[in-house]
Amino acid sequence: MSKIMSPVQTVRELNFIKSNNPNIFLIPLSLETLIHCRIKGINFYDPKNYLGNYFHETALVETEKFTNSIPLFSEIVSLQSEIVAALRFFFHQIIFIEYLLKNILDEEKISYILVSGWNINSPLVYSTENYFTSRIVERFFGSRVKKINSVYQKTSAFVYDYQFKKTNKIEVLVNSFGYNFRRLSKACKRKGISASAILYNKLTNKQRIGAWLRGNNYLVNEPELKSFSEAKISVILNDIVRESLINERVEEIMPHFQTQLNKCRLIDKFLENMRPAFSASYSMRGIDGYLLERSHQLNIPSIAIPHGTIAPAFNNNDKIYKNIIGEAVFSGECTYVALQSKITKASIKTQTLKGEPIQTGNLIFSEVSQRKKNDILYAVTLKDFSGMQFFGVEMYYEFMESLSCLTKLQEATGLNVNVKLHPSASNSKDNLQILFPMLRFTTKKLSTCLKNSLLTISYSSTVIEDSLCSRVPVILFDQWKRYKHCHSETNPSVNNKAVYYVTSFDELVSTIETVSSSSNIDFTEYTVPGESSKNFESLLENYI
(Lines give C-alpha, C1' and ligand atoms only; values in the text may rest on other atoms or scores of the structure.)
Protein backbone atom coordinates (compact mmCIF):
# COMPACT_ATOMS: atom_id res chain seq x y z
CA MET A 1 0.00 0.00 0.00
CA SER A 2 1.37 3.40 -0.99
CA LYS A 3 2.10 5.94 1.73
CA ILE A 4 2.25 9.70 2.02
CA MET A 5 5.51 11.11 3.31
CA SER A 6 6.20 14.57 4.66
CA PRO A 7 9.56 16.19 5.54
CA VAL A 8 9.47 18.46 8.61
CA GLN A 9 12.01 20.91 10.04
CA THR A 10 10.43 21.74 13.42
CA VAL A 11 7.77 20.39 15.77
CA ARG A 12 5.69 23.45 14.92
CA GLU A 13 5.68 22.48 11.25
CA LEU A 14 5.15 18.82 12.18
CA ASN A 15 2.01 19.61 14.21
CA PHE A 16 0.64 21.78 11.42
CA ILE A 17 1.01 18.97 8.88
CA LYS A 18 -0.34 16.31 11.25
CA SER A 19 -3.41 18.42 12.00
CA ASN A 20 -4.22 18.45 8.28
CA ASN A 21 -3.39 14.82 7.55
CA PRO A 22 -2.77 12.44 10.48
CA ASN A 23 -2.14 9.39 8.26
CA ILE A 24 1.32 10.23 7.00
CA PHE A 25 4.90 9.05 7.45
CA LEU A 26 7.05 11.95 8.55
CA ILE A 27 10.67 12.54 7.58
CA PRO A 28 12.30 14.30 10.56
CA LEU A 29 14.96 16.75 9.37
CA SER A 30 16.19 17.72 12.83
CA LEU A 31 16.90 16.26 16.24
CA GLU A 32 13.83 18.03 17.63
CA THR A 33 11.43 16.41 15.15
CA LEU A 34 13.09 12.98 15.39
CA ILE A 35 12.75 12.97 19.19
CA HIS A 36 9.12 14.12 18.95
CA CYS A 37 8.27 11.28 16.56
CA ARG A 38 9.82 8.72 18.89
CA ILE A 39 8.16 10.02 22.05
CA LYS A 40 4.72 10.39 20.45
CA GLY A 41 4.91 7.09 18.54
CA ILE A 42 4.42 8.83 15.18
CA ASN A 43 5.19 6.92 11.99
CA PHE A 44 8.38 8.19 10.39
CA TYR A 45 11.17 7.28 8.00
CA ASP A 46 14.47 7.34 9.88
CA PRO A 47 17.22 8.97 7.73
CA LYS A 48 19.79 6.52 9.10
CA ASN A 49 18.19 3.80 6.99
CA TYR A 50 18.58 5.75 3.76
CA LEU A 51 21.85 7.71 4.05
CA GLY A 52 25.21 6.08 4.77
CA ASN A 53 28.87 6.93 4.37
CA TYR A 54 28.52 7.04 0.59
CA PHE A 55 26.24 10.04 0.93
CA HIS A 56 28.77 11.85 3.13
CA GLU A 57 31.57 11.24 0.67
CA THR A 58 29.43 12.28 -2.31
CA ALA A 59 28.19 15.37 -0.47
CA LEU A 60 31.77 16.45 0.28
CA VAL A 61 32.77 16.30 -3.37
CA GLU A 62 29.65 18.16 -4.48
CA THR A 63 30.18 20.77 -1.78
CA GLU A 64 33.74 21.40 -2.93
CA LYS A 65 32.55 21.89 -6.53
CA PHE A 66 29.80 24.21 -5.36
CA THR A 67 32.15 26.28 -3.20
CA ASN A 68 34.52 26.71 -6.14
CA SER A 69 31.63 28.01 -8.26
CA ILE A 70 30.73 30.88 -5.91
CA PRO A 71 31.77 34.21 -7.48
CA LEU A 72 33.55 37.03 -5.70
CA PHE A 73 31.00 39.05 -3.73
CA SER A 74 33.49 41.10 -1.75
CA GLU A 75 37.18 41.99 -1.90
CA ILE A 76 37.19 41.71 1.89
CA VAL A 77 38.57 38.21 2.54
CA SER A 78 36.72 37.62 5.81
CA LEU A 79 33.39 38.86 4.43
CA GLN A 80 33.69 36.74 1.28
CA SER A 81 34.40 33.76 3.54
CA GLU A 82 31.20 34.43 5.51
CA ILE A 83 29.10 34.67 2.34
CA VAL A 84 30.58 31.39 1.12
CA ALA A 85 29.75 29.76 4.47
CA ALA A 86 26.13 30.98 4.42
CA LEU A 87 25.54 29.70 0.88
CA ARG A 88 27.28 26.43 1.64
CA PHE A 89 25.03 25.77 4.65
CA PHE A 90 22.00 26.31 2.42
CA PHE A 91 23.52 24.07 -0.24
CA HIS A 92 23.87 21.37 2.42
CA GLN A 93 20.15 21.63 3.17
CA ILE A 94 19.42 21.27 -0.54
CA ILE A 95 21.51 18.16 -1.16
CA PHE A 96 20.46 16.54 2.12
CA ILE A 97 16.77 16.83 1.22
CA GLU A 98 17.41 15.91 -2.41
CA TYR A 99 19.34 12.71 -1.64
CA LEU A 100 17.24 11.65 1.34
CA LEU A 101 13.90 11.94 -0.45
CA LYS A 102 15.19 10.33 -3.65
CA ASN A 103 16.47 7.35 -1.68
CA ILE A 104 13.18 6.96 0.21
CA LEU A 105 11.22 7.18 -3.05
CA ASP A 106 13.46 4.47 -4.53
CA GLU A 107 12.97 2.10 -1.60
CA GLU A 108 9.40 2.76 -0.41
CA LYS A 109 5.98 2.86 -2.06
CA ILE A 110 5.08 6.53 -1.88
CA SER A 111 1.94 7.99 -3.45
CA TYR A 112 2.99 11.63 -2.99
CA ILE A 113 5.02 14.04 -0.84
CA LEU A 114 3.05 16.40 1.42
CA VAL A 115 4.65 19.70 2.43
CA SER A 116 3.46 22.52 4.66
CA GLY A 117 3.88 25.16 1.97
CA TRP A 118 5.78 27.38 4.41
CA ASN A 119 8.28 29.54 2.54
CA ILE A 120 9.55 31.78 5.34
CA ASN A 121 12.71 33.85 5.40
CA SER A 122 13.47 35.24 8.87
CA PRO A 123 15.75 38.25 9.51
CA LEU A 124 18.50 35.91 10.74
CA VAL A 125 20.63 34.06 8.19
CA TYR A 126 21.14 31.11 10.53
CA SER A 127 17.82 30.38 12.19
CA THR A 128 15.46 27.47 12.74
CA GLU A 129 12.69 29.92 11.79
CA ASN A 130 13.85 29.88 8.17
CA TYR A 131 11.52 27.41 6.44
CA PHE A 132 13.00 26.37 3.10
CA THR A 133 12.01 22.69 2.93
CA SER A 134 8.79 23.25 0.96
CA ARG A 135 10.51 25.33 -1.72
CA ILE A 136 13.32 22.77 -2.05
CA VAL A 137 10.97 19.77 -2.27
CA GLU A 138 8.66 21.48 -4.79
CA ARG A 139 11.57 22.38 -7.10
CA PHE A 140 12.96 18.82 -7.18
CA PHE A 141 9.80 16.72 -7.01
CA GLY A 142 7.13 19.08 -8.39
CA SER A 143 4.72 16.55 -9.93
CA ARG A 144 4.82 14.33 -6.84
CA VAL A 145 4.27 17.14 -4.31
CA LYS A 146 1.12 18.45 -2.67
CA LYS A 147 1.18 21.40 -0.29
CA ILE A 148 -1.27 22.24 2.45
CA ASN A 149 -0.91 25.98 2.27
CA SER A 150 1.08 28.76 0.60
CA VAL A 151 2.73 30.85 3.29
CA TYR A 152 5.28 33.25 1.82
CA GLN A 153 7.06 35.59 4.22
CA LYS A 154 10.10 37.53 3.15
CA THR A 155 12.16 39.76 5.42
CA SER A 156 12.01 43.45 4.57
CA ALA A 157 15.12 44.57 2.72
CA PHE A 158 16.60 46.87 5.36
CA VAL A 159 20.16 47.17 6.61
CA TYR A 160 21.77 48.73 9.66
CA ASP A 161 24.44 51.39 9.64
CA TYR A 162 26.65 52.55 12.52
CA GLN A 163 28.19 55.88 13.50
CA PHE A 164 31.68 56.14 14.94
CA LYS A 165 31.87 57.49 18.48
CA LYS A 166 35.26 58.58 19.74
CA THR A 167 36.32 56.99 23.01
CA ASN A 168 39.29 56.78 25.35
CA LYS A 169 42.54 55.24 24.20
CA ILE A 170 42.34 51.46 23.85
CA GLU A 171 45.43 49.29 23.73
CA VAL A 172 43.85 45.90 23.00
CA LEU A 173 40.71 45.56 20.88
CA VAL A 174 38.92 42.18 20.72
CA ASN A 175 35.92 40.98 18.74
CA SER A 176 34.13 39.69 21.87
CA PHE A 177 34.69 38.49 25.41
CA GLY A 178 33.07 35.15 24.56
CA TYR A 179 34.88 31.81 24.28
CA ASN A 180 37.04 32.56 27.34
CA PHE A 181 38.41 35.83 25.92
CA ARG A 182 37.76 37.21 29.40
CA ARG A 183 41.09 35.56 30.23
CA LEU A 184 42.75 38.03 27.85
CA SER A 185 40.89 40.88 29.56
CA LYS A 186 42.14 39.73 32.97
CA ALA A 187 45.71 39.39 31.69
CA CYS A 188 45.50 42.95 30.34
CA LYS A 189 44.35 44.26 33.73
CA ARG A 190 47.24 42.55 35.48
CA LYS A 191 49.58 44.31 33.04
CA GLY A 192 47.81 47.67 33.33
CA ILE A 193 46.66 47.49 29.69
CA SER A 194 43.23 48.71 28.57
CA ALA A 195 41.11 46.22 26.64
CA SER A 196 37.69 46.56 25.02
CA ALA A 197 35.33 44.67 22.74
CA ILE A 198 33.16 46.16 20.01
CA LEU A 199 29.41 45.88 20.58
CA TYR A 200 26.96 46.65 17.78
CA ASN A 201 23.90 47.12 19.96
CA LYS A 202 23.07 48.70 23.30
CA LEU A 203 23.73 46.63 26.39
CA THR A 204 20.62 45.42 28.18
CA ASN A 205 20.43 46.09 31.92
CA LYS A 206 21.38 42.46 32.61
CA GLN A 207 24.34 42.68 30.23
CA ARG A 208 25.43 45.97 31.76
CA ILE A 209 25.44 44.46 35.26
CA GLY A 210 27.30 41.39 33.97
CA ALA A 211 29.90 43.57 32.25
CA TRP A 212 30.42 45.57 35.44
CA LEU A 213 30.82 42.44 37.57
CA ARG A 214 33.30 40.91 35.13
CA GLY A 215 35.11 44.17 34.48
CA ASN A 216 34.53 43.98 30.72
CA ASN A 217 34.73 47.19 28.72
CA TYR A 218 32.73 47.71 25.53
CA LEU A 219 32.68 50.15 22.65
CA VAL A 220 28.90 50.43 22.31
CA ASN A 221 27.34 51.44 19.00
CA GLU A 222 23.69 52.02 18.19
CA PRO A 223 22.36 50.71 14.87
CA GLU A 224 20.53 53.02 12.50
CA LEU A 225 18.02 51.54 10.03
CA LYS A 226 18.71 52.21 6.34
CA SER A 227 17.10 51.14 3.08
CA PHE A 228 18.82 48.53 0.92
CA SER A 229 19.93 48.93 -2.67
CA GLU A 230 20.26 45.50 -4.19
CA ALA A 231 23.32 44.54 -6.24
CA LYS A 232 22.75 41.58 -8.53
CA ILE A 233 25.33 38.79 -8.40
CA SER A 234 24.43 35.28 -9.51
CA VAL A 235 25.88 31.84 -8.92
CA ILE A 236 26.10 29.66 -12.03
CA LEU A 237 25.79 25.89 -11.58
CA ASN A 238 25.36 22.97 -13.93
CA ASP A 239 22.07 22.09 -12.22
CA ILE A 240 19.15 24.41 -12.99
CA VAL A 241 17.13 23.52 -9.89
CA ARG A 242 20.01 23.98 -7.49
CA GLU A 243 21.03 27.19 -9.25
CA SER A 244 17.56 28.74 -8.92
CA LEU A 245 17.40 27.85 -5.21
CA ILE A 246 20.86 29.23 -4.48
CA ASN A 247 20.26 32.51 -6.31
CA GLU A 248 16.96 32.99 -4.52
CA ARG A 249 18.87 32.61 -1.27
CA VAL A 250 21.55 35.04 -2.47
CA GLU A 251 18.91 37.76 -2.79
CA GLU A 252 17.59 37.03 0.69
CA ILE A 253 20.93 37.25 2.50
CA MET A 254 22.35 40.31 0.77
CA PRO A 255 20.79 42.85 3.20
CA HIS A 256 22.47 41.00 6.08
CA PHE A 257 25.84 41.23 4.37
CA GLN A 258 25.34 44.90 3.59
CA THR A 259 24.94 45.36 7.35
CA GLN A 260 28.15 43.37 7.83
CA LEU A 261 29.88 45.67 5.35
CA ASN A 262 28.70 48.69 7.35
CA LYS A 263 30.17 47.09 10.47
CA CYS A 264 33.43 46.74 8.57
CA ARG A 265 33.40 50.50 7.89
CA LEU A 266 32.85 51.13 11.58
CA ILE A 267 35.87 48.96 12.41
CA ASP A 268 37.87 50.97 9.85
CA LYS A 269 37.11 54.15 11.78
CA PHE A 270 37.95 52.64 15.16
CA LEU A 271 41.28 51.32 13.96
CA GLU A 272 42.24 54.41 11.99
CA ASN A 273 41.28 56.87 14.73
CA MET A 274 42.11 54.92 17.90
CA ARG A 275 44.98 52.76 16.60
CA PRO A 276 45.10 50.14 19.34
CA ALA A 277 48.41 48.41 19.97
CA PHE A 278 46.96 44.96 19.36
CA SER A 279 43.76 43.22 18.17
CA ALA A 280 42.50 39.68 18.72
CA SER A 281 39.62 37.49 17.57
CA TYR A 282 38.56 33.86 17.98
CA SER A 283 37.35 33.69 14.35
CA MET A 284 38.84 34.70 11.01
CA ARG A 285 35.49 34.73 9.23
CA GLY A 286 32.95 37.55 8.87
CA ILE A 287 33.02 40.69 10.96
CA ASP A 288 35.14 38.95 13.63
CA GLY A 289 37.79 38.15 11.05
CA TYR A 290 37.70 41.65 9.56
CA LEU A 291 39.00 43.11 12.83
CA LEU A 292 42.18 41.08 12.27
CA GLU A 293 42.30 41.64 8.51
CA ARG A 294 42.04 45.42 8.66
CA SER A 295 44.39 45.67 11.67
CA HIS A 296 47.03 43.79 9.75
CA GLN A 297 46.59 46.08 6.73
CA LEU A 298 47.13 49.10 9.01
CA ASN A 299 50.28 47.53 10.54
CA ILE A 300 48.51 46.97 13.86
CA PRO A 301 49.55 43.53 15.18
CA SER A 302 46.61 41.13 15.12
CA ILE A 303 46.24 37.57 16.34
CA ALA A 304 43.70 34.84 15.68
CA ILE A 305 43.10 32.68 18.75
CA PRO A 306 40.82 30.01 17.29
CA HIS A 307 38.09 28.40 19.35
CA GLY A 308 38.01 25.16 17.45
CA THR A 309 40.06 22.09 16.77
CA ILE A 310 41.82 21.50 13.46
CA ALA A 311 43.94 18.43 12.81
CA PRO A 312 45.98 17.17 9.84
CA ALA A 313 44.04 15.55 6.98
CA PHE A 314 44.46 11.79 6.48
CA ASN A 315 42.91 11.39 3.00
CA ASN A 316 41.16 13.41 0.29
CA ASN A 317 37.69 13.33 1.90
CA ASP A 318 39.23 14.31 5.21
CA LYS A 319 41.07 17.16 3.54
CA ILE A 320 37.89 18.57 1.97
CA TYR A 321 36.09 18.47 5.32
CA LYS A 322 38.96 19.95 7.31
CA ASN A 323 39.42 22.72 4.72
CA ILE A 324 35.78 23.68 5.30
CA ILE A 325 36.24 23.70 9.07
CA GLY A 326 39.56 25.47 8.69
CA GLU A 327 37.99 28.48 6.99
CA ALA A 328 36.91 30.00 10.30
CA VAL A 329 40.33 29.22 11.80
CA PHE A 330 42.91 29.84 9.09
CA SER A 331 41.37 31.46 5.99
CA GLY A 332 41.57 35.15 6.91
CA GLU A 333 44.39 37.64 6.95
CA CYS A 334 46.14 38.48 10.22
CA THR A 335 49.61 39.00 11.65
CA TYR A 336 49.73 35.92 13.87
CA VAL A 337 47.82 32.67 14.37
CA ALA A 338 47.94 31.11 17.83
CA LEU A 339 48.72 27.40 17.86
CA GLN A 340 47.39 26.35 21.25
CA SER A 341 48.10 22.63 20.97
CA LYS A 342 50.30 20.21 19.08
CA ILE A 343 47.18 18.98 17.24
CA THR A 344 46.74 22.43 15.72
CA LYS A 345 50.46 22.75 15.07
CA ALA A 346 50.42 19.49 13.11
CA SER A 347 47.41 20.67 11.09
CA ILE A 348 49.40 23.38 9.30
CA LYS A 349 51.04 20.60 7.30
CA THR A 350 47.77 20.30 5.33
CA GLN A 351 46.34 23.81 5.89
CA THR A 352 47.32 27.19 4.42
CA LEU A 353 47.85 30.09 6.82
CA LYS A 354 47.97 33.78 5.93
CA GLY A 355 49.43 34.77 9.29
CA GLU A 356 52.60 33.77 11.10
CA PRO A 357 51.98 30.69 13.28
CA ILE A 358 53.15 31.05 16.88
CA GLN A 359 52.99 28.29 19.46
CA THR A 360 51.34 29.89 22.48
CA GLY A 361 50.10 26.93 24.48
CA ASN A 362 46.53 26.90 25.76
CA LEU A 363 44.82 30.30 25.85
CA ILE A 364 41.05 29.81 25.71
CA PHE A 365 40.33 26.08 26.09
CA SER A 366 39.08 24.65 29.39
CA GLU A 367 41.72 24.07 32.02
CA VAL A 368 40.48 22.31 35.16
CA SER A 369 41.72 19.80 37.71
CA GLN A 370 39.68 16.69 38.39
CA ARG A 371 38.05 16.26 41.79
CA LYS A 372 36.92 12.71 41.16
CA LYS A 373 37.46 10.48 38.15
CA ASN A 374 34.27 8.44 38.16
CA ASP A 375 32.27 9.73 35.18
CA ILE A 376 32.41 9.36 31.42
CA LEU A 377 31.83 12.58 29.49
CA TYR A 378 30.29 12.33 26.02
CA ALA A 379 30.39 15.39 23.78
CA VAL A 380 29.95 15.91 20.05
CA THR A 381 29.51 18.85 17.71
CA LEU A 382 25.86 18.43 16.79
CA LYS A 383 24.59 20.76 14.06
CA ASP A 384 20.98 21.82 13.59
CA PHE A 385 19.23 21.89 10.22
CA SER A 386 20.33 25.45 9.40
CA GLY A 387 23.99 24.66 10.12
CA MET A 388 24.20 21.15 8.71
CA GLN A 389 27.63 19.65 7.92
CA PHE A 390 28.70 16.25 6.67
CA PHE A 391 31.41 13.63 7.15
CA GLY A 392 33.26 14.96 10.20
CA VAL A 393 30.22 15.50 12.39
CA GLU A 394 27.65 13.07 13.74
CA MET A 395 24.26 13.64 12.14
CA TYR A 396 21.29 14.07 14.47
CA TYR A 397 20.01 10.56 13.72
CA GLU A 398 23.50 9.12 14.30
CA PHE A 399 23.61 10.96 17.61
CA MET A 400 20.48 9.08 18.68
CA GLU A 401 22.16 5.77 17.81
CA SER A 402 25.20 6.78 19.84
CA LEU A 403 22.99 7.48 22.87
CA SER A 404 21.61 3.94 22.67
CA CYS A 405 25.19 2.69 22.59
CA LEU A 406 26.08 4.81 25.63
CA THR A 407 23.21 3.28 27.60
CA LYS A 408 24.74 -0.16 26.95
CA LEU A 409 28.15 1.25 27.86
CA GLN A 410 26.93 2.47 31.23
CA GLU A 411 25.52 -0.98 31.98
CA ALA A 412 28.77 -2.67 30.88
CA THR A 413 31.19 -0.44 32.81
CA GLY A 414 29.15 0.67 35.82
CA LEU A 415 30.33 4.25 35.20
CA ASN A 416 27.95 7.18 34.95
CA VAL A 417 27.71 8.71 31.46
CA ASN A 418 27.20 12.48 31.28
CA VAL A 419 26.10 13.77 27.89
CA LYS A 420 27.22 17.39 27.36
CA LEU A 421 24.70 18.77 24.91
CA HIS A 422 25.78 21.05 22.12
CA PRO A 423 23.92 24.41 22.31
CA SER A 424 21.90 23.44 19.21
CA ALA A 425 20.43 20.50 21.18
CA SER A 426 19.94 22.17 24.56
CA ASN A 427 16.19 22.67 24.02
CA SER A 428 15.82 18.90 23.63
CA LYS A 429 17.38 18.08 27.02
CA ASP A 430 14.14 17.10 28.82
CA ASN A 431 12.85 14.97 25.96
CA LEU A 432 16.20 13.22 25.59
CA GLN A 433 16.09 12.43 29.29
CA ILE A 434 12.69 10.77 28.76
CA LEU A 435 14.02 8.60 25.93
CA PHE A 436 17.31 7.73 27.65
CA PRO A 437 16.59 7.80 31.41
CA MET A 438 19.84 6.03 32.38
CA LEU A 439 22.02 8.78 30.88
CA ARG A 440 22.60 12.20 32.41
CA PHE A 441 22.05 15.07 29.99
CA THR A 442 23.59 18.38 30.94
CA THR A 443 23.96 21.93 29.67
CA LYS A 444 26.35 22.91 32.46
CA LYS A 445 29.63 24.59 31.67
CA LEU A 446 32.16 22.25 30.14
CA SER A 447 34.68 23.04 32.87
CA THR A 448 32.16 21.78 35.45
CA CYS A 449 31.63 18.56 33.48
CA LEU A 450 35.36 17.88 33.19
CA LYS A 451 35.99 18.12 36.93
CA ASN A 452 34.61 14.64 37.58
CA SER A 453 35.51 12.99 34.28
CA LEU A 454 37.67 9.92 33.95
CA LEU A 455 37.67 10.34 30.17
CA THR A 456 35.87 12.01 27.28
CA ILE A 457 34.22 10.18 24.39
CA SER A 458 33.74 12.19 21.21
CA TYR A 459 33.36 11.79 17.47
CA SER A 460 34.59 15.29 16.68
CA SER A 461 34.36 18.34 18.90
CA THR A 462 36.39 21.20 20.30
CA VAL A 463 35.84 19.38 23.61
CA ILE A 464 38.72 17.15 22.51
CA GLU A 465 41.09 20.09 23.00
CA ASP A 466 39.37 21.19 26.23
CA SER A 467 39.71 17.69 27.66
CA LEU A 468 43.39 17.32 26.80
CA CYS A 469 44.19 20.74 28.24
CA SER A 470 42.46 19.53 31.44
CA ARG A 471 44.45 16.29 31.38
CA VAL A 472 41.40 14.17 30.62
CA PRO A 473 42.11 11.40 28.07
CA VAL A 474 39.94 11.15 24.96
CA ILE A 475 38.43 8.23 23.07
CA LEU A 476 37.47 9.03 19.49
CA PHE A 477 34.48 6.74 18.94
CA ASP A 478 33.75 6.29 15.23
CA GLN A 479 31.21 3.49 14.99
CA TRP A 480 30.44 4.72 11.45
CA LYS A 481 34.06 4.02 10.39
CA ARG A 482 34.13 7.35 8.59
CA TYR A 483 36.25 9.95 10.36
CA LYS A 484 39.30 10.04 12.63
CA HIS A 485 39.89 13.49 14.02
CA CYS A 486 43.58 13.32 14.84
CA HIS A 487 46.53 10.98 15.26
CA SER A 488 45.59 8.49 17.99
CA GLU A 489 46.26 5.06 19.47
CA THR A 490 44.26 2.31 17.77
CA ASN A 491 45.22 -0.55 20.09
CA PRO A 492 42.76 -0.55 23.04
CA SER A 493 45.17 -2.45 25.29
CA VAL A 494 48.05 0.07 25.20
CA ASN A 495 48.28 1.94 28.52
CA ASN A 496 48.86 5.62 29.27
CA LYS A 497 47.83 7.11 25.92
CA ALA A 498 46.00 10.45 25.83
CA VAL A 499 43.93 9.81 22.68
CA TYR A 500 42.50 6.52 21.37
CA TYR A 501 40.51 5.79 18.20
CA VAL A 502 38.00 2.90 18.20
CA THR A 503 35.24 1.79 15.85
CA SER A 504 33.29 -0.85 17.81
CA PHE A 505 31.48 -1.17 21.12
CA ASP A 506 33.79 -3.93 22.32
CA GLU A 507 36.86 -1.81 21.55
CA LEU A 508 35.24 1.08 23.40
CA VAL A 509 34.68 -0.99 26.55
CA SER A 510 38.20 -2.41 26.36
CA THR A 511 39.75 1.07 25.97
CA ILE A 512 37.84 2.39 28.98
CA GLU A 513 39.26 -0.47 31.05
CA THR A 514 42.75 0.46 29.81
CA VAL A 515 42.31 4.14 30.70
CA SER A 516 40.98 3.19 34.14
CA SER A 517 44.09 1.13 34.84
CA SER A 518 46.55 3.70 33.43
CA SER A 519 48.53 5.58 36.06
CA ASN A 520 50.84 7.83 34.05
CA ILE A 521 48.99 9.11 30.98
CA ASP A 522 51.24 11.05 28.60
CA PHE A 523 49.58 14.25 27.30
CA THR A 524 52.78 15.82 25.95
CA GLU A 525 52.13 14.45 22.45
CA TYR A 526 49.10 16.76 22.19
CA THR A 527 49.50 19.66 24.61
CA VAL A 528 52.03 22.42 25.25
CA PRO A 529 53.13 22.99 28.88
CA GLY A 530 51.94 26.13 30.62
CA GLU A 531 48.81 27.64 32.16
CA SER A 532 46.52 29.89 30.12
CA SER A 533 46.96 32.91 32.40
CA LYS A 534 50.75 32.80 32.08
CA ASN A 535 50.48 32.08 28.35
CA PHE A 536 48.37 35.22 27.87
CA GLU A 537 50.84 37.30 29.88
CA SER A 538 53.69 36.01 27.71
CA LEU A 539 51.68 36.85 24.61
CA LEU A 540 51.17 40.44 25.77
CA GLU A 541 54.81 40.83 26.76
CA ASN A 542 56.08 39.53 23.42
CA TYR A 543 53.69 41.26 21.01
CA ILE A 544 52.56 44.53 22.61
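Author: Let's start with E62, which has its place in helix α3 (residues 53–69). Helices here are DSSP runs of H or I with at least four residues, strands are runs of E with at least two, and both are numbered from the N terminus. Before going on, a word on the source: this is a predicted model, where local features need pLDDT of at least 70 and side-chain atom pairs count only at pLDDT 80 or more, while totals for chains, interfaces and linings use all residues. Residues are numbered from 1 along each chain as its sequence is written, and side-chain values use heavy atoms, with hydrogens and water left out.

Back to E62: its relative accessibility is 16%, so E62 counts as buried. Buried means under 20% relative accessible area, exposed means over 50%, and partly exposed is in between, using a 1.4 Å probe and protein chains only. Setting aside neighbours within four places in sequence, E62 is in contact with F91, I95, Y99 and R242; contact means heavy atoms within 4.5 Å.

One of those partners, Y99, leads on to the aromatics. Y99 belongs to one aromatic cluster together with F55, F96, F390, Y396 and Y397. Rings of Phe, Tyr and Trp (its six-membered ring) pair if their centres lie within 6.5 Å; planes under 30 degrees apart count as stacked, over 60 as edge-to-face and the rest as tilted. Searching the whole structure turns up 26 aromatic pairs. Among them is F90 with F132, an edge-to-face pair at 5.3 Å centre to centre with 85° between the planes. This pair links distant parts of the chain, 42 residues apart: F90 is in helix α4 (residues 77–107), and F132 is in the loop between β4 (118–120) and α5 (133–141). F90 counts as buried at 2% relative accessibility, and F132 counts as buried at 2% as well. For F436 and F441, the ring centres are 6.5 Å apart and the planes are at 50°, so that pair is tilted. Both F436 and F441 are buried.

Rings also meet charges here. K146 lies over the face of Y112, 4.1 Å from the ring centre, and the charged end of K408 sits over the ring of F505, at 4.6 Å from its centre. The test is that NZ of Lys or CZ of Arg is within 6 Å of the ring centre and within 35 degrees of the ring normal.

Now for helix α6 (residues 182–190), where R183, L184, S185, A187 and C188 are buried. Their cover includes β8 (172–174), β9 (195–199), β12 (278–281) and α17 (532–543). After α6 comes G192, with a positive phi near 70°. I193 is found in the loop between α6 and β9, and I193 is buried, with a relative accessible area of 15%. Not counting residues up to four places away in sequence, I193 touches E171, V172, C188, L540 and I544. I193 and L114 are 79 residues apart in sequence, and their C-alpha atoms are 61 Å apart in space.
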